[in-house]
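Here's a quick tour of the structure shown below. Have the viewer open and follow along.

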Amino acid sequence: MRADAQRNAEKLRTAAAELFRERGLQAPLKEIARRAGVSHGTLYNLFGTREALIDEVVADLAADRLDEAAQQALARDDAWDGFTYYIETVCELQVTDPAISDVVTGRYPDAQRLMAVCERSHAAATRIIERAQRAGALRPDFTREDLLFIFGTNALLSRAAKDTTPDAWRRGVAFMLDGLRAEAAHPLPTAPLTAQQLYAVMGNLAGAP
């Protein structure tokens, strides 16, 4: 890559990182190019697709943050404390960094590096859930799909509320966690989502504005 192309690529990475954090991964590519001070065509010539730019800019940062949340949760001596820490931390990341919402919910399945981060995060979530259930703290009928549905809901609501009540998610999460305690469990009205149903829901979420 020529020196001028390298400079333009770095400008685009910086601008994309800023806008993805501000608006999520759906931030307009034209706005990224404008902030970088290059043409829209230059962005496409250097990166080709939105997904390639996402993988270049977001994947490593998202991995660091989500891996850290999972490691801290699993390091807690109390399994319930680790479970609640993980949910609260990921939900807060969704609020403070909208790009994380798009990672957790798998909104861009063609971003291969990002999807690898997403899958690793889901595997860690499964370990955190099963640990809390083995300890008898988390209701036994809670599934990984339930957790991802919660994260998807939090992503939409926190994005809608960010300019009016940016801390509203904390109240909702607190109510939800109280209902997930084993001693609070009551029979549920419907069966849990299957993996296929969850993917369908996330596919609809991918098309949401």
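## A word on contacts, and Glu-31

Two residues are in contact when they have heavy atoms within 4.5 Å of each other. With that in hand, take Glu-31: setting aside neighbours within four places in sequence, Glu-31 is in contact with Leu-19 and Arg-23. Keep in mind throughout that this is a predicted model.

Where does Glu-31 lie? You'll find Glu-31 in helix α2, which covers residues 29-36. Its relative accessible area is 18%, and since the cut-off for buried is under 20%, Glu-31 counts as buried. Its side chain also has a partner: a polar contact of 2.7 Å joins Glu-31 to the side chain of Arg-34.

## The overall fold

Zoom out and count what's there: the protein has 11 helices and zero strands. Reading along the sequence, the pattern is α-α-α-α-α-α-α-α-α-α-α. The radius of gyration is 19 Å, close to the 17 Å that the globule rule gives for 209 residues, so the protein is as compact as a globular protein of that length. Along its principal axes, the C-alpha trace spans about 60 × 30 × 30 Å.

How much of the protein is buried? Buried residues make up 44% of the 209. As for who touches whom, take the contacts between residues at least 6 apart in sequence: 72% of them join residues at least 24 apart.

In soluble globular proteins, nonpolar side chains tend to be buried together. Here, the largest nonpolar core has 59 residues, and those with the most contacts inside it are Phe-20, Ile-32, Phe-83 and Tyr-86. Helix α6 gives the largest share of this core, eight residues.

Not counting residues up to four places away in sequence, Phe-20 touches a list of partners including Leu-25, Ile-32, Arg-50, Leu-53, Ile-54, Val-57 and Asp-97. Several of those names come back in helix α4 (residues 50-57), where Arg-50, Leu-53, Ile-54, Asp-55 and Val-57 are buried. What do the buried residues of α4 pack against? They pack against α1 (3-23), α2, α3 (40-47), α5 (59-75) and α8 (112-134).

## Aromatic pairs

How many aromatic pairs are there? The count comes to three. One is Trp-80 with Phe-83, a tilted pair at 5.5 Å centre to centre, with 35° between the planes. Trp-80 and Phe-83 are both buried.

Another pair is Tyr-86 with Phe-151, this one edge-to-face, at 6.3 Å centre to centre and 65° between the planes. Tyr-86 lies in helix α6 and Phe-151 in helix α9 (residues 144-161), so the pair ties together parts that are 65 residues apart in sequence. Tyr-86 counts as buried because its relative accessibility is 1%, and Phe-151 counts as buried at 1% as well.

## Gln-94, a buried polar residue

Now look at Gln-94, which is found in helix α6 (residues 79-96). Is Gln-94 buried or exposed? Its relative accessibility is 2%, so Gln-94 counts as buried.

What does Gln-94 touch? Not counting residues up to four places away in sequence, its contacts are Ile-100, Ser-101, Phe-151, Asn-154, Ala-155 and Ser-158. The side chain of Gln-94 has polar partners among these: a polar contact of 2.7 Å joins it to the side chain of Asn-154, and one of its polar atoms lies 2.9 Å from the backbone oxygen of Phe-151. Gln-94 and Ala-155 sit 61 residues apart in sequence, yet their C-alpha atoms are 6.2 Å apart in space.

Notes
Residues numbered from 1 in each chain as written. Predicted model: local features only at pLDDT ≥ 70, side-chain atom pairs only at ≥ 80, totals over all residues. Heavy atoms only, no water. Helix = DSSP H or I, 4+ residues; strand = E, 2+ residues; numbered from the N terminus. Buried < 20%, exposed > 50% of the residue type's maximum accessible area, 1.4 Å probe, protein only. Polar contact = N/O pair within 3.5 Å; in protein donor to acceptor, adjacent residues only side chain to side chain. Core = buried A, V, L, I, M, F, W, Y, C linked by side-chain atoms within 4.5 Å. Phe/Tyr/Trp six-rings, centres within 6.5 Å; stacked < 30°, edge-to-face > 60°. Rg over C-alpha atoms; globule rule 2.2 N^0.38 Å.
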